[in-house]
Structures are given as structure tokens and as C-alpha cells.
Amino acid sequence: VDLSVAGWNIQALKAAALTGLYIDGLDEAMDKAIAYVKRCQTGDGKFAYKEGSGGKASLTGTGVLSLQIWKNAKSDEATKGLEWIVNNLADDWSKVDIYAWYYHAQACFQATSFSSGKKYWKAWNKNFEKIIHAAQADDGHWPPGGTGHHNTELYRTTMTILMLEVYYR
């Protein structure tokens, strides 16, 4: 199992939990998934693709968000991941890994659910706003740049719009 797939599954299981229906084994599955996420964290706060491998910026937001949506929003692991995110912000659109940023935006925004976590959103959003405004083209799209897979105009514009929607979730 890799953390990127686990993260999507954790989100799906959380959606199932929110239905209010009794789903046999759901809590146990989520608890096991969260234990796996925690084992994927490296000493510097990043999260690895797989347990025992090196931490990746692109999966740190995934790890933190997974912890936040299932009983671990204030855990040491979530806090350490959030600290890594805000201390390692890209400072220019050409350096942005848009997939990582999508999850970083989600994780930092979710941290606003508790008072001591609001500082992460504030730190993230200040840099985020500055960079996306400077990078947006006159016609509204965001140009390719940075790192990561699917580095196209359509993908980067779509992901940026999804990040901007976080304000309304």
C-alpha cells in the first residue's frame, strides 16, 4: 500500500462514516489506516510514499489530512507535518508542486478547527495568495511550471481552483 492511495481511501471511508449508517468494521479499518499513516512519517515531519522509505514533500499534506479527518487532528504527527509544510513553502510558482500544494492547502485549512492550528492556515495562506495571484495569466489560467506529474496548463489551473475552493468548505 502506498500513502497516496491510502489517503484517497481514508477520505472515502470518512465519507462513509459521515453517512451515519452502521458499517461493520469501518472504525477498525480507519484506525488501522491511521496507524499506517503514522508509520509513514519520517523524523523531519514529512510523510513517505511507503512505510520505511524517505519522506516526500508531495505526500506530507496527504499524511496530515488523513490524520486530521480521523481522530488525530491534534496529534504530534499532524503537528509535526504541519510545521514541515509551513517551514518549507515554495516561494515562486516555478517551484510549486501543484499536487503537494493541493494537499498542503487542505491540511492547513483543516487545522483551523482548533485554536492553536489557526497559525498554520495563516502562514500557508499568506504565501499561497501571493504566489497564485502573481502567477495567474490575464485570461485566468495558471501556466505550467514547477514540478510533479501532469504539469499542464489545464491540470495546474484545475488544481489551483480546487485549492481556492478550500475557503468555502
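1. Tryptophan 93 touches Ile98, Ile131, Ile132, Ala135, Trp142, Pro143, Pro144, Gly145, Gly146, Arg156 and Thr160, leaving aside residues up to four places away in sequence. The model discussed here is a predicted one.

2. Trp93 also belongs to the largest nonpolar core, a set of 47 residues. At least two core residues come from each of α1 (3-18), α2 (26-39), α3 (57-68), α4 (76-87), α5 (98-110), α6 (118-135) and α7 (153-164). The biggest contribution is that of α5, with 8 residues.

3. Helix α5 also packs against α3: their axes come within 7 Å and cross at roughly 30°. Angles under 35 degrees count as roughly parallel, and α3 and α5 are therefore roughly parallel to each other. Their crossing is left-handed.

4. On the α3 side, the contact is made by Ala57, Ser58, Thr60, Gly61, Thr62, Val64, Leu65 and Gln68. On the α5 side, Tyr99, Ala100, Tyr103, His104, Gln106, Ala107 and Gln110 take part. Sorted by class, the contact of α3 with α5 has 7 nonpolar and 8 polar residues, and no charged ones.

5. Threonine 62 lies in helix α3. Its relative accessible area is 1%, and buried means under 20%, so Threonine 62 is buried. Apart from residues up to four places away in sequence, Threonine 62 touches Leu3, Gly7, Tyr99 and Tyr103. Tyr99 and Tyr103 are among the α5 residues that make the contact with α3.

Technical notes: Residues are numbered from 1 along each chain as its sequence is written. This is a predicted model: local features need pLDDT of at least 70, side-chain atom pairs count only at pLDDT 80 or more; totals for chains, interfaces and linings use all residues. Side-chain values use heavy atoms; hydrogens and water are left out. A nonpolar core is a set of buried Ala, Val, Leu, Ile, Met, Phe, Trp, Tyr and Cys residues joined through side-chain atoms within 4.5 Å. Buried means under 20% relative accessible area, exposed over 50%, partly exposed in between (1.4 Å probe, protein chains only). Helices (H or I, at least four residues) and strands (E, at least two) are DSSP runs, numbered from the N terminus. Contact means heavy atoms within 4.5 Å. Axes are lines fitted to C-alpha atoms, for helices over the stretch in contact, and angles run from 0 to 180 degrees between N-to-C directions. Angles under 35 degrees count as roughly parallel, over 145 as roughly antiparallel, 65 to 115 as roughly perpendicular and the rest as oblique. A crossing is left-handed if the near helix is turned anticlockwise from the far one by less than a right angle, and right-handed if clockwise. Ala, Val, Leu, Ile, Met, Phe, Trp, Tyr, Cys and Pro count as nonpolar, Asp, Glu, Lys and Arg as charged, and the others, Gly among them, as polar.
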